[in-house]
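I open this notebook to record what I looked up in one structure. The entries are brief and follow the order of my searches.

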Amino acid sequence: MDTAIKVAFATTDMKTVNQHFGSSRSFAVYAVNPERYELLEAAQFGELDQDGNEQKLSVKMQMLEGCAAVYCQAVGASAIKQLVAQGIQPVKVHEGSRIADLIADLQNELNTGPSSWLVKALNKAKSPDASRFDEMEEEGWSE
């Protein structure tokens, strides 16, 4: 899936988003493109101390590396700051939102015109086109 973006869902049942980002015990990570999606990873974190435990976020941030977005029930200010700094869009959804429905919505958005965060994610996922240098040379660009 060459043009796919990676997205994560805070879930314990692999079917619905049912976790707060900071206290989530597991994530389902999918590759999604306009036509298909595929489960890449199911990450488990187990029991983590919650209040005042900033380490719980660093473990999750490492796991989410390369993701364009993370869907969760809620997310705290500290986590939002860290996610955005890493280029990951936090997406708050209602408890029990079905992962399959959220993926379908994302695919629909990819097909009809993505929002600003999704455009950034898509551009980040694209590898630079080597022919752009040939085009620049044809336009008269030189060092």
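**Entry 1: basis.** I worked from a predicted model, in which local features need pLDDT of at least 70, side-chain atom pairs count only at pLDDT 80 or more, and totals for chains, interfaces and linings use all residues. Residues are numbered from 1 along each chain as its sequence is written, and side-chain values use heavy atoms, with hydrogens and water left out.

Entry 2: I took helices (H or I, at least four residues) and strands (E, at least two) as DSSP runs, numbered from the N terminus. Buried here means under 20% relative accessible area, against over 50% for exposed and partly exposed in between, with a 1.4 Å probe and protein chains only.

I then asked which strands pair with strand 5, pairing being at least two DSSP bridges between two strands. Strand 1 (residues 5-10) runs parallel to strand 5 and is joined to it by four bridges; Val7 stands opposite Ala69 there. Strand 6 (residues 89-92) also pairs with strand 5 in the parallel sense, over four bridges, and Cys72 stands opposite Lys92.

I noted that strand 5, helix 2 (residues 77-85) and strand 6 make a right-handed β-α-β unit. Right-handed means that, with the strands pointing away from the viewer, the path from the first strand over the helix to the second runs clockwise.

**Entry 3: aromatic rings.** I searched the whole structure for aromatic pairs and found four. Rings of Phe, Tyr and Trp (its six-membered ring) pair if their centres lie within 6.5 Å; planes under 30 degrees apart count as stacked, over 60 as edge-to-face and the rest as tilted.

Phe9 and Tyr30 form an edge-to-face pair, 5.8 Å centre to centre with 80° between the planes. This pair links distant parts of the chain, since Phe9 is in strand 1 and Tyr30 in strand 3 (residues 26-32), 21 residues apart. Phe9 counts as buried because its relative accessibility is 0%; Tyr30 counts as buried at 10%.

Phe21 and Phe27 form a tilted pair, 5.8 Å centre to centre with 35° between the planes, and both are buried. I also recorded that ring pairs link Phe9, Tyr30, Tyr37 and Tyr71 into a cluster.

**Entry 4: Asn33.** Is Asn33 buried or exposed? Asn33 has a relative accessible area of 7% and is therefore buried. I located Asn33 in the loop between strand 3 and strand 4 (37-44). A polar atom of the Asn33 side chain lies 2.8 Å from the backbone nitrogen of Glu35.

How values were computed. Polar contact = N/O pair within 3.5 Å; in protein donor to acceptor, adjacent residues only side chain to side chain.
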